[in-house]
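Let's take a walk through this structure together. Keep the viewer open and follow along.

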Amino acid sequence: MKTTYRSAVHDAIADAMRADETVVLLGEDVGRYGGTYAASKGLLAEFGPERIRDTPLSELGFVGIGIGASLNGLRPIVEVMTVNFSMLALDQIVNTAAALRHMSGGQFSVPVVVRMATGAGRQLAAQHSHSLENWYAHIPGITVLAPATVADAYGMLRTALTHPDPVVIFEHVALYNLGDDLESLEATDIRTAAVRRSGGDVTVITYGGCLPKALEAAEELARGGIDCEVIDLRVLRPLDDATMLESVRKTHRVVVVDEGWRTGSLAGEISARIVEQGFYELDAPIARVCTAEVPIPYAKHLEQAALPQVDGIVAAVRGLFGESPR
Amino acid sequence: MIDFVMPTLGADMDEGTLDEWRVKPGDAVTRGQIVAVVETTKAAVEIECWHDGVVQELLVPVGQTVAVGTPLATLLEPGESPGAPSARPEPAAAPAPAETSPAPARPAPSAPVGHRLWVSPVARRTAVTLGVDLKGLTGTGPQGAITLRDVEHAAATAHHEKPAPPPTPPRPATAAPKSAAEKARERGAAMRASIAAAMSRSKREIPHYYLANEIILDPALAWLTEQNAGRPITERLLPAVLQLKAVALAARKFPEFNGFWRDDGFQPAAGQHVGVAISLRGGGLVAPAIHDVSEKPLAELMADLTDLVARARAGSLRSSEMSDPTITVTNLGEKGVDAVFGVIYPEQVAIVGFGRPAQRVVVVDGGIRVATTVQSSLAADHRASDGARGALFLAEIDRLLQRPQEL
């Protein structure tokens, strides 16, 4: 079955709504317009305005509505247009959704799923292009997902809708047109990282929109005799340390590729965990490939220059080798 | 800045494999100091440095095969301050090493002076497990750091050295470590090929002429007996030492037999560095030099000869010994042959042979006598000398051996 990341998200919402009448979708332009990224196209016709709700341009308001609905027995999916706009809803997500189970001594559960687009590459300029996943990954009480494949775009959303606590899902804007040929779409776990390419010389750890770039870099490096293992984090909180460290024990070298800015980044957190738990396995310093520390530029060439690219990943990997890859 | 290059250790050598570094960046070196060991097709040869200075950067890692003339290291001249390590092209790879793994292009490793030894965490941990001493290892990792591979390589080398001197560390990227026996066989084959190349070249290029002369040895042997009576067994002189000295002195008097035929001309050598043909136990042959033979007393020559034979057979010759002979002496007397006519080692121009000393009937002053004689021979390059001069050269050796007290 040939499908795309966009269709997989759409189908996950539709299938979940068919399977469970408590699942509802709300957000800006999700109904009549079919979603900014067309992830909810046609759903208003099938499920009606009771379950597919267009909201005003007020992230603080409609994310709060989603949290309230979840506290009262629904399974809301809240779509936020981009992570930049979700800043307006940080209070709802951080102070309310993430904290209520703990503040209520376990009495209240907040099973809300907040989906949002993230990342750059589509010339949407600085206010629509940032990668702030790391801010959410900092917060205890929520699960943070970054599906990077078509299978995960479907599978992780389905599983998130069965999770008892808040889940934030980041869909990278560059992935919506990603295609794949799959036998079927199924729920996938929301706990583990995945090894997307096996290799013995160096571990490239990445997630989301950088995964295709990392895999392309790995192919180029393989032609030069360097065998990369590529890990897709999938889950940004809680991080799957075991998968990363198992790989480090094999390759002894690590490059982290992260579309966030280097300063205070997930890449930094991952580096620290590997050093804490795997220092004596390292044969070279950990290298990071991150976005240039500027607001994402609008001009196409500047935007591309600011982001992690295949060339930069290849160079970072090669920099970990002195004389010979083995 | 001085480039320390892969030396040529014989006319037939066009590449060498770096077996071992005996120095590291920051070490002061003096002229004549042994700084590395290089594996040639003939032996593992200790390489001397010909400058005083301080090692700045090691450019070629252990195990790499490079062409003659490739810079192996850079030295700072005395008083020179270290600049930034220069960006350099990769060392010129010697042709046909089938075992090189494809490696991406990258700058040569630099090992800046002045920080503690950089060792990766896993390399340091593994060094403890494998009992590898990190001092003296050359790092091949980023910024010249010692990596896991360097430690594993050093451990494998140490493991292979114990049972089988001479040391020949396995090269990196070979599929499996080779056994000592395999390596000995390989070296034997390589040496055969190298002798074949040199001797073919000699017979192809050098117009040899041959002369022979029977030398009465009685005065020399009588003198030796007298001399050796007062010496401990280990310091006794052998007739071979007299022959070496006589050849050197004759070569000083007849310089056209002492030097090299290069670039269509004869280049006489400044000193008489006599190559001594030494057969190796596993087969094959080397002819390293004893330096300045004409200047040295016999006792010193005897010690030099003993040392040279022992080291040749142990495979630990020095670079200058391999590359410096200006004339060669071959002595097959102890193998029982009456005479030997040698093949000149290019680019030298002469080789003197000695057969077996034996009692033979000779005519002296019109009377028949039994005397101990030895057949001397000269094979010389007709481009550099003519038979008449060769006859005088051989006669001079005879004359000198009749006056051993003057040697």
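Where in chain B is B:L280 found? Look in the loop between strand 13 (278-279) and strand 14 (285-286) of chain B. Keep in mind as you look that this is a predicted model. B:L280 counts as partly exposed because it has 16 C-beta neighbours inside 10 Å, and the buried label needs 20 or more. Setting aside neighbours within four places in sequence, B:L280 is in contact with B:L285, B:V286, B:A312 and B:R313. Then there's B:A314: 34 residues away from B:L280 in sequence, with a C-alpha to C-alpha distance of 9.1 Å.

Now zoom out to the rest of chain B. It holds eight helices and 20 strands, and 41% of its 407 residues are buried. If you take the contacts in chain B between residues at least 6 apart in sequence, 65% of them join residues at least 24 apart.

Some of those strands build an open sheet of five, in the order 7-2-4-5-16 (chain B), with mixed pairing. At its edges sit strand 7 (65-67) and strand 16 (316-318) of chain B, each of which pairs on one side only. On average, neighbouring strands of this sheet are turned by 40° against each other, ignoring direction. As a reminder, strands of a sheet pair through backbone hydrogen bonds, either parallel or antiparallel. Strand 4 (residues 34-39) and strand 5 (residues 44-48) of chain B run antiparallel and are joined by five bridges. To see one of these pairings up close, find B:A36, whose bridge partner in strand 5 of chain B is B:I47.

Over in chain A, have a look at helix 3 (residues 59-71). Its 13 residues reach 18 Å from first C-alpha to last, close to the 18 Å expected at 1.5 Å a residue. Which residues of helix 3 of chain A are buried? They are A:E59, A:F62, A:V63, A:G66, A:I67 and A:S70. Seen down the axis, the buried residues of helix 3 of chain A fall within an arc of 145°, so they line one face of the helix. The cover over these buried residues includes strand 2 (23-27), strand 4 (75-82), helix 4 (90-97) and strand 5 (113-118) of chain A. After helix 3 of chain A comes A:G73, with a positive phi near 105°.

Most residues other than glycine have a negative phi, and most peptide bonds are trans. A:A38 is not a glycine, yet its phi is positive, at about 60°. You'll find A:A38 in the loop between strand 2 and helix 2 (43-47) of chain A, and it counts as partly exposed because it has 14 C-beta neighbours inside 10 Å. A:R234 also has a positive phi, near 65°, and is a residue other than glycine. Is A:R234 buried or exposed? A:R234 is buried, because 26 other C-beta atoms lie within 10 Å. A:R234 is found in the loop between strand 11 (228-232) and strand 12 of chain A.

Finally, check the cis peptide bonds. One runs from A:R237 to A:P238, with omega near -5°; A:P238 is in the loop between strand 12 (235-237) and helix 9 (241-251) of chain A. In chain B, a cis peptide bond joins B:P346 and B:E347, with omega about 10°. B:E347 is in the loop between strand 17 (327-331) and strand 18 (350-354) of chain B.

Methods. Residues numbered from 1 in each chain as written. Chains lettered and ligands numbered in written order. Predicted model: local features only at pLDDT ≥ 70, side-chain atom pairs only at ≥ 80, totals over all residues. Helix = DSSP H or I, 4+ residues; strand = E, 2+ residues; numbered from the N terminus. Buried ≥ 20, exposed ≤ 12 C-beta atoms within 10 Å, placed from the backbone. Contact = placed C-beta atoms within 7 Å. Expected span 1.5 Å × (residues − 1). Arc of directions from axis to C-beta. Pairing = 2+ DSSP bridges. Axes fitted to C-alpha atoms, helices over the stretch in contact; angles between N-to-C directions.
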